[in-house]
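Biologist: Could you take a close look at one part of this protein for me, the nonpolar core and what surrounds it? I'd like one connected walk through it.

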Amino acid sequence: ESIQDTLTRVLPLWEEELAPRLGQGQDILIVSHANTLRALISYLEDLPPARLPSVLVPIARPLVYEHDGLRIRGRRRAVHTSKVQAAYRWLRDGNSR
């Protein structure tokens, strides 16, 4: 599946479910395959297609976006804070969405 095909599939979820939650001030955790995350990152950061192969999506290392409503203010790789550890436990225990 190409990045564009993946983005076409993922964008409705972003626009209908995830972005409104961010707009309400909620934090969200997105866990997915690398190509799906790469497509979403390309959309959020408005990256040109030529840059996509260089977008690294490390395994089991959260990428945290700082935002103000829906505007991206920055991003960073997460350290294992208590919030991240709680998210891992939540997922390990079989929760989703």
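Modeller: Of the protein's 97 residues, 23% count as buried. Keep in mind that this is a predicted model. As for the overall layout, there are three helices and two strands, and along the sequence they run α-α-β-β-α. The protein exposes about 7,100 Å², with carbon and sulfur atoms supplying 53% of that.

Now for the core itself. The largest nonpolar core is made of 15 residues, and Trp14, Ile41, Leu47, Leu52 and Val55 have the most contacts inside it. Two helices, α1 (3–23) and α2 (34–44), each put in at least two of its residues, and the largest share, eight residues, comes from α1.

Take Val55 from that list. Once you skip its neighbours within four places in sequence, Val55 is in contact with Arg38, Ile41 and Leu47. Ile41 and Leu47 are themselves among the residues with the most contacts inside the core.

Still, setting aside neighbours within four places in sequence, Tyr43 is in contact with Leu7, Leu11, Trp14 and Glu15. For the Trp14 pair, the C-alpha to C-alpha distance is 10.0 Å, across 29 residues of sequence.

Zooming back out to the protein's contacts between residues at least 6 apart in sequence, 45% join residues at least 24 apart.

Definitions and conventions
Residues are numbered from 1 along each chain as its sequence is written. This is a predicted model: local features need pLDDT of at least 70, side-chain atom pairs count only at pLDDT 80 or more; totals for chains, interfaces and linings use all residues. Side-chain values use heavy atoms; hydrogens and water are left out. A nonpolar core is a set of buried Ala, Val, Leu, Ile, Met, Phe, Trp, Tyr and Cys residues joined through side-chain atoms within 4.5 Å. Buried means under 20% relative accessible area, exposed over 50%, partly exposed in between (1.4 Å probe, protein chains only). Helices (H or I, at least four residues) and strands (E, at least two) are DSSP runs, numbered from the N terminus. Contact means heavy atoms within 4.5 Å. Accessible areas come from the Shrake-Rupley method with a 1.4 Å probe; for residues, only the protein chains shown count as cover.
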